[in-house]
Amino acid sequence: MTASRTRTVWITGGGSGMGRASALAAAANGWSVAVSGRRREALEAVVEEITAAGGTALAVPLDVQDRAAIADAARTVSEHFGRLDALVLAAGLNSPQRRWDDQEMDSFEAIVATNLTAVAATIDAALPALRESGGVVVAISSYAGWSFQPGAGVAYSASKTAVSSLVRTLNQQEAAHGVRATHLCPGDVATDFLQQRPEVPDEGARSVMLTPEDIARTVSFALEAPAHVRIDELVISPVSQA
């Protein structure tokens with residue numbers, strides 16, 4: 001397909017929660033959107049919602065732990081739209097077993113693979129196209145990636161803290177190509193991700209948390225920044241955040 005003048009954003013974890021909300025917000029702002037994740041039906045529902053509103057979207061199913069699939073998806077997005085201007089990394093994983101005395105190493109490795117290695121692999125796959133466009137990367141990390149949170153878990157805390165270093169090195173090394181990245185650190189957000197906590201918050205606790213739409217507005221802020229502006233890190237939390 002020939003290059004489009006419409007800006008294109010690729011969103012991992014785009015079928016639900018913060019990724020879905022970010023996809024809808026980007027489409028409303030005129031972006032063409034590619035959404036990736038493991039659940040094809042959820043991705044296609046997002047695409048249908050975007051196209052029904054007059055936008056342009058593409059579902060690209062993948063498991064972010066599969067590096068070959070990530071590389072294939074990056075090619076698919078670039079070839080379909082003719083360009084790639086932004087990458088939003090919203091896929092994440094945690095486990096109820098979060099302590100040294102109850103965690104399993106298989107789970108530890110899966111969390112790090114999703115939250116850290118997949119982030120690096122997706123950036124690496126998208127980087128050639130982002131260099132051409134002077135693109136933007138928004139890595140949706142965590143409050144635990146900004147400030148130590150004892151309850152977040154050994155693997156989750158380690159992986160999200162490391163995302164900060166990925167963003168910093170990307171900004172330092174790729175500035176010459178106009179590439180800029182944001183380490184976005186949300187506090188408590190009322191999404192299905194809460195089901196992965198040892199004690200799942202009730203409706204009262206969820207009612208004072210951030211919403212996926214709050215995060216989507218923050219992602220849009222980073223995506224819409226002028227080309228000479230780099231937003232290195234953003235922390236957003238509900239007033240109730242401990």
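Let's start inside the protein: Ile11 is buried, with a relative accessible area of 0% (buried means under 20% relative accessible area, exposed over 50%, and partly exposed in between, using a 1.4 Å probe and protein chains only). This is a predicted model, in which local features need pLDDT of at least 70 and side-chain atom pairs count only at pLDDT 80 or more, while totals for chains, interfaces and linings use all residues. Residues are numbered from 1 along each chain as its sequence is written, and side-chain values use heavy atoms, leaving out hydrogens and water.

Ile11 belongs to strand E1 (residues 8-12); strands (E, at least two residues) and helices (H or I, at least four) are DSSP runs numbered from the N terminus. Leaving aside neighbours within four places in sequence, Ile11 touches several residues, including Gly19, Val33 and Val88, where contact means heavy atoms within 4.5 Å.

Next, look at the charged pairs. Side chains of opposite charge can pair when their charged atoms come close. The count comes to 10 salt bridges, each a side-chain nitrogen of Lys or Arg within 4 Å of a carboxyl oxygen of Asp or Glu. One of them joins Arg7 to Glu224, with the closest N and O atoms 3.1 Å apart. That pair links distant parts of the chain, 217 residues apart: Arg7 sits in the segment before E1, and Glu224 in the loop between helix H7 (212-223) and strand E7 (233-236).

Glu49 and Arg20 form another salt bridge, at 2.9 Å between the closest N and O atoms. Glu49 lies in helix H2 (residues 40-52) and Arg20 in helix H1 (residues 17-28), so the pair ties together parts 29 residues apart in sequence.
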